[in-house]
Amino acid sequence: DLAACAREACAALAPAAEALRLEPAPHPLGIRADPAQVRQVVHNLVTNSLEAGAPDVTVRCARNEVEPGSSDAGFHLAPPPGRYAVLVVSDTGPGMPPEVSDRMFDPFFSTKFTGRGLGLAVVLGVARAHNGGIRVSTLPGRGTSVWVYWPALAG
């Protein structure tokens, strides 16, 4: 259950992240994935937002469908057509200019201090390994939202 994994990851982060808010899913969202990897994706996205100075971070899960012939626009990793459980991490932080958002999933790319830059590369690797997708929306001064698409189980 994607929502349960997100809830567990947020509970582990809560003591250090007063600005973190979880919007619970109204129903279970079944996916086939290692729960530890799902929690790692949540942890990496939330930590990235907080380290970027976001005053508020929201985590939510939802269902979504990618239709055949859908545009790949806006996707860093376009998912194949199908039904998805989607993890969304949104923040009200500084956002990113295009030259940063274009490289945000590159290994060792970081706008922070040396020795960082693997967290979002791990997110991309996990999404790719699960035949999922990633979409990002960001504007300088307006915050960032990252959607991670996980193929949904039938039913």
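Is Asn131 buried, exposed or partly exposed? Asn131 is partly exposed, because its relative accessible area is 49% and the exposed class starts only over 50%. This is a predicted model.

## Two residues with positive phi

Asn131 sits in the loop between H4 and strand E5 (133-139). Asn131 is not a glycine, yet its phi is positive, about 60°.

Phe108 is another case. Its phi is positive too, about 70°, and Phe108 is not a glycine either. Look for Phe108 in the loop between H3 and H4. Phe108 counts as exposed because its relative accessibility is 62%, and the cut-off is over 50%.

## Helix H2 and its ends

Helix H2 covers residues 35-51. Check its length. With 17 residues at 1.5 Å a residue, H2 should span 24 Å.

Now look at the ends. Asp34 caps the N-terminal end of H2. A side-chain oxygen of Asp34 lies 3.0 Å from the backbone nitrogen of Ala36. Just after H2 comes Gly53, with a positive phi of about 95°.

## What H2 packs against

Several residues of H2 are buried: Val38, Val41, Val42, Asn44, Leu45, Val46, Thr47 and Ser49. Their partners include both helices and strands. The helices are H1 (2-13) and H4. The strands are E1 (20-23), E2 (57-66), E4 (82-91) and E6 (143-151).

## Where H2 meets H4

Helix H4 spans residues 119-129. The axes of H2 and H4 come within 9 Å and cross at roughly 145°. The crossing is left-handed. On the H2 side, the contact is made by Gln37, Gln40, Val41, Asn44, Leu45 and Asn48. On the H4 side, Gly119, Leu120, Val122, Val123 and Val126 take part.

What kinds of residues are these? Six are nonpolar, five are polar and none is charged. An α-helix has 3.6 residues a turn, so residues three or four places apart point the same way.

## A buried glycine in a loop

Gly93 lies in the loop between E4 and helix H3 (98-101). Gly93 counts as buried because its relative accessibility is 6%, and the limit is under 20%.

Which residues does Gly93 touch, leaving out those up to four places away in sequence? They are Ala54, Pro55, Gly141, Arg142 and Gly143. Asp106 is 13 residues from Gly93 along the chain, and their C-alpha atoms are separated by 21 Å.

Note on methods:
Residues numbered from 1 in each chain as written. Predicted model: local features only at pLDDT ≥ 70, side-chain atom pairs only at ≥ 80, totals over all residues. Heavy atoms only, no water. Axes fitted to C-alpha atoms, helices over the stretch in contact; angles between N-to-C directions. Helix = DSSP H or I, 4+ residues; strand = E, 2+ residues; numbered from the N terminus. Left-handed = near helix turned anticlockwise from the far one by under 90°. Contact = heavy atoms within 4.5 Å. Nonpolar A, V, L, I, M, F, W, Y, C, P; charged D, E, K, R; others polar. Expected span 1.5 Å × (residues − 1). Buried < 20%, exposed > 50% of the residue type's maximum accessible area, 1.4 Å probe, protein only. Polar contact = N/O pair within 3.5 Å; in protein donor to acceptor, adjacent residues only side chain to side chain.
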